[in-house]
Amino acid sequence: MLSNIFTLGFLVSLLASTIRLATPILVPALGQIFTQKAGILNLGVEGTMTIGAVSGFSVAYLTGNLWIGILGGIIFGMLWSLLMACLSITMKANQVIAGIGLNILGAGVAVYAYRVIFGIQKLPPQVETFSIINIPLLSDIPIIGPIFFQHNILVYLGFLLVPITWFVLEKTTFGLKIKAVGEHPRAADSKGISVAKIRYSAVLIGGAYAGAAGAFMTIAYLNQFTEAIIGGRGYIAISVVIFSRFIPKRSMLGALLFGFASALQMRLQALGINIANQLLLMLPYIMTVLALILASKKSEIPSAYTIPYSRLER
Amino acid sequence: METIAVKMEKITKSFNDVKVLDSIEFKLKRGSIHGLLGENGAGKTTLMNILYGLYNQEDGEIFINGKKENISSPVKAISLGIGMVHQHFMLARPFSVVENVMLGRKSRRGILLDTKQTAEELKTLAEKYKMEIDPYSKIWQLSVGEQQRVEILTAMYQGAEILILDEPTAVLTPQEVDAFFETLKEMRDDGKSIILITHKLEEITSIADEVTVLRDGKMIGRRAVDSTVTKDDLTRMMVGRDVLFDFPKNTIEPGEVKYSIKNVCAKNDKGLPALKEFSLDIRENEVIGVDGNGQKELCEVLTGLRKSDSGEIILNDKKMVNKEPVYYIEQGVSHIPEDRHTTGLALNWSLKRNLILKELNKAPFVKNGLLQPKVIDKYWNETKSEYQIKSINGEEKARALSGGNQQKIILAREINLNPQVLIANQPTRGLDVSAAEYVRKKVLDARNAGTSVLLISADLEEILQLSDRIAVIFDGKLMGILPRGASTHEIGALMMGKKQEVASCEN
Amino acid sequence: MKTKLLNSGKKAAGAVAMIALALIIGAVLVLISGNKPMEAYATIISGAFGSKLRLSELFIKMIPLTIMALGISIAYKAQLWNIGADGQFTMGAIASAAIGIYVELPPFLIVPLSILSAILAGGLWAGLAGWLKTKFNANEVITTLMLNYIATYFLAFLVYGPMMDPQGELAQSEVLKESLRIPLLFSNYRIHAGIVIMILIILLMFFFWKTPLGYKTDLIGQGEKVSTYAGINVKRTIIITMMISGAFAGLAGWNETYGVQYRLLEGISSGYGDIAVVIALLGELNPLGIVISSFFFSILMVGGSCMQRMTNVPYSIVDVIKGLIIIFVIARTAFRNTAIKYTMKEWIGRRKNYAK
């Protein structure tokens, strides 16, 4: 039985699917790095992703164009996160509750919209997914090729967002402003930066990333929409942000870790092996708690985390 | 060329209907250091916040370099060449120095940060004023003094010609102060105009060219600082009267020493020493007034809210050092805290509940594990009439009351505990005259009932009026103890750091 | 007393208005989906009250929801945002099931022991988050969320592994002995004596807020400074509050295991935790308010699934209504908390500045 595991083929397909499974975790996590760095904890990522999944699928189905589908996912993801922004920034509502509420509402709205658009059908409507792009030359390298260079375009783009996110946060004035409103909003305000405006944009970016990741699930991973399609990936993305202590590079590691755990679990189950793979799935969460403890100690968490800003309150 | 950099005319400002600035006149000469002197709460910071665009004045006009300006925001102030260094630094701790400087500035590289260029210019600027700083070090790695340098540099980098410094030396060690003053002189000689907010006379005489004194929101006077100005003059302007007469004689004389603070050392929030080998004895039936820096930390150490590094506190022969706050409450140490909004009261709780805030566990308010509304009601009604608290039925939130009524709730709660020791920190701050008078009377009543009272107040007049003896702290050390009826001259001398020459009159 | 009545009247009116608004929007959505709103809502009502069987199902749902929401309300009063009730519920279920299955003692000992273990397990699970908060300043929102997942996978590990029913193929433990189960109230229906426990807990909660501990919990929600000043050990109270909050959820886990499922199985908490958060908030953290909103949500859930089966209206409408209610609750609180006034003030202030 164990000999099945230690074959090269198994290992290669395991690692390749680790990368594929990591993508829809990595992308929303990168988005949430923006949002959380600006001081907003958006627990509603799960709902945003579900909205992105249904809108991405519907748009792709109706237009017959997958790229427009992704765009649809992004736009609706942003619109949905606008609700969160409005509640948490303008109304200064409790972010935890707002996030939970938007998750419940998002799940309901997504499923409802799907029903209204597609009605009840015997066979679920499907789309042709993004095809696999073999990177010339690289994909021919044995072992390395199949693991890293035989994925659909969105997987590549998703990982490309890692340096892009890092660049925006570390090298641009906008990134500096985002970090400033999460760290010391009063100082930012006194320097003429509109705290609300920056926080809104940070939440919207998070929404765009999450919406894209939701659409990824329906038109690049599966080829249809189901109620439980996001399956907790939104919450995992939040864990990854904490796990990575808000650093894009590390969030890639976090997403790969979660991706690996679920890939391994799926493969083992397919082989009918029931060793303690649930404990394996548990591991990333335990590591997230440990990371949180470390992050608190090193004061890496934005000082204004989850705290609304008001100029008049001290 | 206009020689007056800033002119403020008839500036008036109120908070919650209390006038905190009343028709203030202020003039700053270009290329000078101007001291803005006054006690805590005199309105110095408020006036400067108006100049910096953080508050808007209700009335009055501001002229910068002779031109009338409407300074609606700090951004506007910065564009007019005004920079301000607040007491609480506006620095993001995980950021590097240069990142803090770049924040909110237009980058020369469009959307990209111009980190390198800024860092180099910053270095040049720092060297010019002999302020050593590494542009790439993170703020949290810097000492408080260094952080202050970053704030000043930021202002200079933004092109500040007029620099406002709010109590800048409060966070510095004596050695740092010397270097800091050198920098200020350097800047002045460079043509910058500097406003130095302070309540320390010494700083005025040692560095300022001119001084404006505020007291209680009013402008008292403006003087050139030359050989004719004495510290006594300034003390008189700051405090009001020279000697205070006319307070009621206490009929009960103080008794034996009941409460001793022995060689207590403690640090402030920034980790700097706030109390240095501080000692004080308080007798039965005695009020000791305390003036000077380090009051806040003293209060907190005495009530268990702050840990001391060494020393002892003894009440009735019982040592109480670094215990939980509840221990002090149980031993009979009552505390009227400085900030009634965040500490003294639970603002969203009813008045009744606030009244028994420290007795939520105790009989008769709790019986068989349940609170007794009837007992509480009865107690409330008695207290309400005794302390003349204005309230409908005690169910309204503490938030809804005026400052005076809020303070009465605290006073009633603390005094009704029949304390051995009462620590009253700024008990009348922000109260109107009659409420303040009432609070003072109650404090004296407690004294006469045998309580040892430690009165901390920025209001020197209040201290002189109530205290049997006056302890002056300077720089965390006890400078001396003065008897009742001491003149402000004597107090001023001690406050300036001149140690009492004659042995104090401790009994 | 009068003002109190008036206040609670106002609060109730507000809650009713929010529910009504959510129901109206729900009705519009039903209409858009090509169904009749009145029919849909009528089915929900009849699905919840239509027969004794339905009624019994209604209360079966209501018991854990109420108990969990009451526990959550304690933590929220102290401004501790425990969103891990599901995990605490799961740990309670695991601990009590383990006692019931593995400990060989007479039932009159096992039953109290199992209750105790559930309370303890739920309490410790939440207390862990409280401890991490006081010790490491770890945000309790994240830790309770993570502990949810850890508990879920732990449960899955047990029912797929060591605790799996040796006789069966399914991911569940063996069944509890009949003598250990919570007795049924009527022989033909599933409703069980757990409802008595719910009522006891509700009564307990009315008293809880009048005990010193209740006051302390409330006080730490008012601010750390004032609590410390009043002589309260804030850190200890945070941990205790979290533990009590978790103990309630653990008890609900016991109730589900011993009263409904009679065994441990995957997904036993069925996402009650999130709903309980909504219930606690809609009920304004007040025991009576919680009971009423828990009743209302049970109607929605039991009636909603009936509606799904009997009409063409999708169950997602129920989710939409639930979601809308919580959004309205938040918006209303925000308006009340003057936060919105601040925003207005800032906005007006800014305009004034520019106008000058």
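## Contact between chains A and C

The contact takes 43 residues from chain A and 46 residues from chain C, where two residues are in contact if their C-beta atoms, placed from the backbone, lie within 7 Å. On the chain A side, the elements that give two or more residues are helix 4 (66-90), helix 5 (95-118), helix 11 (233-243) and helix 13 (277-297). Helices (H or I, at least four residues) are DSSP runs, numbered from the N terminus. Helix 5 of chain A gives the most to this side, with 14 residues.

By residue type, the side of chain A that touches chain C holds 28 nonpolar, 10 polar and five charged residues. Ala, Val, Leu, Ile, Met, Phe, Trp, Tyr, Cys and Pro count as nonpolar, Asp, Glu, Lys and Arg as charged, and the others, Gly among them, as polar.

## Basis of the model

This is a predicted model, in which local features need pLDDT of at least 70 and side-chain atom pairs count only at pLDDT 80 or more, while totals for chains, interfaces and linings use all residues. Residues are numbered from 1 along each chain as its sequence is written, and chains are lettered from A and ligands numbered from 1 in the order in which they are written.

## Contact between chains C and B

Here 19 residues of chain C are in contact with 25 residues of chain B. Helix 8 (212-222) and helix 9 (224-229) of chain C are the elements that give two or more residues to the chain C side. Helix 8 of chain C gives the most, with five residues. The chain C side divides into seven nonpolar, eight polar and four charged residues.

## Domains of chain B

Chain B is divided into domain 1 (4-239), domain 2 (244-332 + 418-507) and domain 3 (346-415), with bounds from an automatic or database domain assignment. The C-alpha centres of domain 1 and domain 3 of chain B lie 44 Å apart.
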